[in-house]
Amino acid sequence: MINKAYLLPGMPHPLLCPEKSSAYQKLRQAYERVGAEIQDSQAELVLIYSTFWPSVIGHQIFARPETTWTHVDEEFHALGSIPYTFQMDEEFGELYKQQCLARNLHARTVNYAGFPLDTGTVVALKLINPDNRLKAVVTSSNVYADRAETLVLGKAAGDALEHSGKKAVALVISALSNRLHQGRVTPEEDRIHSLKDEEWNRKFLEFLEEGRLEDVAQLSRQFHREARVHKVNNFKPFWWLSGLMGQSNRFQGEVFEYQSVYGTGAAVVGLEPAAVAARDLEFDEADPDVYAGERNVLAVEAGMEPEPEPEAQNV
Amino acid sequence: MKQGEIVLGALAPHPPHLVYAENPPQNEPKAECGWEVLRWGYERLRKSLAQRKVDVLIVHSPHWRTMTGTHFLGVEHFKGLSVDPVFPNLFRFHYDLKVDVELSRQIFTEAQGLGLEVQMMTNPDFRIDYGTIISCHLSRPEWDIPIVAISSHGLARYFNMEVMQAVMLKLGQATKVAVEKSGKRAALLASNSLSHRHFVVEPEVPEDMSFEHIQNHSQYLWDMKVLDLMKRGQTQELLEIMPDFTEQAVAETDGGSLTWLLSALDFPTYPAEVHAYGSVIGTGNAIVEWNPHNRQVEWNPHNRQVEWRAQGGAQ
Ligand SMILES: [Fe+2]
């Protein structure tokens with residue numbers, strides 16, 4: 001089961017240069033609060049979906065028992081290097097993969113020395129789980145996947161947790177608005193890239209604070225159009241999280257911090273299961289349980305295929 | 001000092017599959033075979049490159065994606081392990097390469113002079129992106145020529161193709177001027193595929209060629225259109241249709257590598273030589289060479305054969 005879920009931003013500044021601005025410092029403190037909560041919880045596992053790790057061949061699950069590297073961000077290399085050693089739950093990774101396959105997703109585990117873990121995952125694990133007291137498992141974000149596939153991926157994560165009997169915290173690592181400043185910006189000048197991004201971030205945070213996770217998930221397409229640079233086809237992290245957590249608004253939310261990092265919306269938010277739903281709305285998006293693959297525009301509905309031609313009789 | 005010159009320009013795509021299939025000692029996974037037509041194309045490019053007595057390879061890679069301007073490698077030596085985040089099963093490559101930092105800085109300075117946002121990358125722990133490594137390895141597996149590596153400024157996604165191309169035109173010119181001032185003989189590599197829609201599943205034996213074909217026919221038609229323009233020396237027209245091609249064929253030209261190359265070559269009106277075309281996990285890849293010493297050569301529309309009348313013999 002999931003004890004608690006968190007949204008964490010993935011930029012390296014709160015880890016590498018918190019002293020450079022009060023915004024980075026506040027984010028650093030928020031990460032540390034989340035870290036303390038997780039360490040005090042009964043959780044045995046940190047289950048991560050990172051938008052910073054793109055995949056093409058289905059869904060990749062990082063499950064190397066121990067991995068050591070010195071990471072440098074491809075953009076913010078001047079901020080310094082991040083040496084790390086992380087421990088992953090290999091057994092859970094395998095179970096997660098099996099549950100993905102059972103729901104018709106293409107999935108594989110990744111267990112290679114030197115595999116390039118993404119900046120978001122590295123920053124989060126360094127700050128919230130520095131001593132590797134909990135093991136982690138990281139899921140990639142398929143660049144072509146849309147809602148149905150990502151939702152099913154979240155459900156598969158839930159299946160794996162149920163089968164394992166483990167208690168976990170779930171992390172989605174993602175910026176809200178993700179537009180970086182194009183030019184050189186000093187930490188003091190750092191602010192959300194545009195007023196429009198800022199307003200959409202605030203709207204999302206308002207929903208999250210009320211615990212309206214499924215509402216946020218259902219608003220993801222619009223958020224993608226309005227506040228995201230279209231690097232991938234959609235804004236997916238809340239589809240995964242809501243799929244994992246039962247697609248409801250029955251949560252209690254807390255915004256620990258919200259700041260700008262190099263123009264992006266960096267929010268630290270917690271969501272805890274609650275007894276009653278913040279809003280009990282009728283959701284209008286489909287609720288697939290297995291992935292049915294890509295559908296063409298002209299695909300014929302199941303059960304509506306034309307009758308096959310009768311076979312020619314042998315004469 | 002003698003004026004430097006660009007002695008070769010090439011479209012040199014970076015599917016990790018090609019390195020995997022070739023089994024160089026640096027790559028951990030081993031293959032039985034695969035993608036031979038493309039690899040034979042690279043063999044022909046290598047021969048051309050060897051004849052030109054090149055001092056430096058300048059590579060522009062879509063997989064070093066930066067949002068805060070164009071970045072250049074600024075450390076003389078890199079040694080490390082590159083693991084492809086998308087195909088880690090195919091590419092785990094131990095690299096050891098030298099950088100021509102002097103020329104990097106010269107291009108940086110020229111680009112800055114044209115008003116571009118630029119940065120030198122001086123973190124010695126930086127991991128070289130796999131696009132750079134693969135294009136360089138396939139073009140010159142001896143690794144005995146220093147490189148200049150240029151990041152791909154993500155402007156196409158941040159704004160649009162037109163903005164990206166406007167900046168790449170300047171970067172190409174900055175590269176050309178810097179090469180001329182350097183007195184060096186440079187080969188330029190644009191490290192990108194053409195059409196770029198992948199299959200999202202992989203056969204159990206990745207090099208099983210019975211699974212390999214282009215992802216869809218419209219991509220193929222677009223690739224042929226683009227190659228035809230290259231062969232005819234109509235690169236100005238190619239520049240003009242690049243936004244449509246990129247959108248409709250989901251082409252990897254969104255990274256700007258090809259536009260940068262064509263600009264540095266002053267938009268060749270002489271025919272390019274297509275060494276090979278083939279698909280890799282559904283994407284369209286071509287190995288194409290421009291020899292600036294063939295400036296006088298014209299496309300012959302009647303027999304669709306290029307008449308090579310290189311002035312002054314082999315260079
Ligand atoms: Fe690529």
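Predicted model: local features only at pLDDT ≥ 70, side-chain atom pairs only at ≥ 80, totals over all residues.
View 1. His14(B) and Glu252(B) are both buried. These two residues coordinate the iron ion together with His63(B), at 2.0 to 2.1 Å. Along the sequence, the donors follow the spacing H-x48-H-x188-E. His14(B) sits in the loop between strand 1 (5-11) and helix 1 (16-22) of chain B, and Glu252(B) in the loop between helix 8 (235-248) and helix 9 (257-264) of chain B, so this pair ties together parts 238 residues apart in sequence.

**View 2. Nonpolar cores.** The largest nonpolar core has 54 residues. Among those with the most contacts inside it are Leu11(B), Met230(B) and Trp290(B). Helix 6 (residues 161-182) of chain B gives the largest share of this core, 8 residues. A second, separate core of 51 residues includes Val56(A) and Ile57(A) as well as Phe78(B) and Val99(B).

**View 3. Contact between chain A and chain B.** Chain A brings 37 residues to the contact and chain B 39 residues. About 3300 Å² is buried between the two chains, with 52% of that area from carbon and sulfur atoms. His77(A), Tyr144(A) and Gln182(A) supply 20% of the area that chain A buries against chain B, more than any other three residues.

View 4. In one salt bridge, the side chains of Arg184(A) and Glu117(B) meet at 3.4 Å, N to O. Strand 2 (45-55), strand 4 (66-71) and strand 6 (107-110) of chain A each supply at least two residues of the side that touches chain B.

Terms used
Residues numbered from 1 in each chain as written. Chains lettered and ligands numbered in written order. Heavy atoms only, no water. Core = buried A, V, L, I, M, F, W, Y, C linked by side-chain atoms within 4.5 Å. Buried < 20%, exposed > 50% of the residue type's maximum accessible area, 1.4 Å probe, protein only. Helix = DSSP H or I, 4+ residues; strand = E, 2+ residues; numbered from the N terminus. Donors = N, O, S within 2.8 Å, 3.2 Å for Na, K, Ca; no water. Contact = heavy atoms within 4.5 Å. Buried area = accessible area lost by both parts, 1.4 Å probe. Salt bridge = Lys/Arg side-chain N within 4 Å of Asp/Glu carboxyl O.
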